[in-house]
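Hi there,

Here is the structure I promised to pass along.

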Amino acid sequence: MTIQDPTLARSTEEAWLAAAYEVLTESGVEAVKIMPLAKRLGLTRTGFYWHFKDRDALLEAMIRHWEDTNTGNLVARCEAYAETIAEAVLNLFDCWFDPALFDGPLDLAIRNWARNDAGLQARLDRADARRQAAIEAMFARFGYPPAEAEIRALTMIYTQIGYISMQVTEDPAQRFGRVARYVEVFTGRRPSESDLRRFHARHGTALPDGATDDD
């Protein structure tokens with residue numbers, strides 16, 4: 001179950017979280033208030049207190065969801081089995097192509113929120129450090145020296161943060177068609193056809209023509 005699940009009964013804790021998520025990603029944390037959320041759900045504010053002690057408890061639940069989902073899944077994909085560094089990076093790319101693994105709008109909302117919340121900024125810094133360490137370890141696993149692993153990890157992180165912050169939109173076919181080249185840029189190695197076929201199979205897409213050509 002995700003925080004955005006639209007089928008939830010409106011009286012559940014998940015429904016309050018889903019409504020809060022929508023407001024957070026649309027308008028920022030300042031707009032996440034109990035009474036407007038109740039009106040959005042067609043409920044009274046009394047129902048809120050069946051699930052949360054106060055607004056701070058609701059905000060904490062969203063932060064924990066972000067930590068568990070975005071950072072937790074990113075680390076898990078970095079640690080997933082892979083025979084080559086190209087396959088390992090494609091495992092990580094699952095996060096960028098599956099919002100159930102990594103929620104881009106939520107990551108952006110958390111970063112914007114942290115600008116004015118020192119406590120959250122500290123948690124964001126720890127999350128970023130954990131993500132960087134996981135990506136560095138992924139490269140080190142395949143023999144990259146520490147300094148190179150660090151730079152390649154930072155390149156991937158900064159690229160993805162920029163992608164999310166700029167709210168880039170691409171035609172899905174175009175985006176999937178660029179995957180092989182992105183892997184080559186980030187790793188210095190061209191993914192094999194079998195690497196790419198496994199990646200595309202996970203996402204229900206066809207391998208683009210010429211995806212493994214060296215031209």
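Below is what I found, going from the whole chain down to single residues.

Please keep in mind that this is a predicted model.

**The chain as a whole**

Along the principal axes, the C-alpha atoms fill a box of roughly 60 × 35 × 30 Å. The chain has 215 residues, and 45% of them count as buried. Among contacts with a separation of 6 or more, 60% are between residues 24 or more positions apart. The accessible surface comes to about 11,300 Å², and carbon and sulfur atoms account for 52% of that. On the charge side, there are 25 positive and 33 negative side chains, and the centres of the two sets lie 5 Å apart.

**The annotated region**

An unreviewed UniProt entry carries the annotation "DNA-binding region" for residues 33-52. In the model, that span is 40% helix and 0% strand, and its end C-alpha atoms are 13 Å apart.

**Helix 5 and its cover**

Which parts of the chain cover the buried residues of helix 5? The cover includes helix 1 (13-27), helix 3 (55-79), helix 6 and helix 7. Helix 5 itself is mostly covered, with nine of its 11 residues buried. Among them are Leu106, Leu108, Ile110 and Trp113, and also the charged pair members Asp107 and Arg111.

The side chain of Arg111 meets that of Asp128 in a salt bridge, at 2.8 Å from N to O. This pair links distant parts of the chain: Arg111 sits in helix 5 (residues 104-114) and Asp128 in helix 6 (residues 118-141), 17 residues apart.

**More salt bridges**

How many salt bridges are there in total? The count comes to 18. In general, side chains of opposite charge can pair when their charged atoms come close.

Two further pairs each stay inside one helix:

- Glu148 forms a salt bridge with Arg152, with the closest N and O atoms 2.9 Å apart. Both residues lie in helix 7 (residues 146-165), four residues apart, which is about one turn of the helix. Glu148 is partly exposed, at 31% relative accessibility.
- Glu184 and Arg181 meet through their side chains at 3.3 Å, N to O. They are three residues apart in helix 9 (residues 179-187), so about one helical turn separates them. Glu184 is partly exposed at 29% relative accessibility, and Arg181 is partly exposed too, with a relative accessible area of 36%.

**A few single residues**

Thr69 lies in helix 3 and is buried, with a relative accessible area of 14%. Leaving aside residues up to four places away in sequence, Thr69 touches Leu74, Ala100 and Leu101.

Is Gln167 buried or exposed? At 59% relative accessibility, Gln167 counts as exposed. Gln167 is in the loop between helix 7 and helix 8 (172-177), and has a positive phi of about 50° although it is not a glycine.

Ala82 is buried, at 9% relative accessibility. Setting aside residues up to four places away in sequence, Ala82 touches Glu87, Ala88, Asn91, Arg141 and Phe142. Ala82 and Met138 are 56 residues apart along the chain, and their C-alpha atoms are separated by 9.7 Å.

Happy to go through any of this with you.

Best wishes

Note on methods:
Residues numbered from 1 in each chain as written. Predicted model: local features only at pLDDT ≥ 70, side-chain atom pairs only at ≥ 80, totals over all residues. Heavy atoms only, no water. UniProt positions renumbered as here; feature names shortened; annotations may be inferred. Helix = DSSP H or I, 4+ residues; strand = E, 2+ residues; numbered from the N terminus. Salt bridge = Lys/Arg side-chain N within 4 Å of Asp/Glu carboxyl O. Buried < 20%, exposed > 50% of the residue type's maximum accessible area, 1.4 Å probe, protein only. Contact = heavy atoms within 4.5 Å. Areas by Shrake-Rupley, 256 points an atom, 1.4 Å probe, with all protein chains shown as cover. Charge placed at Lys NZ, Arg CZ, Asp CG, Glu CD.
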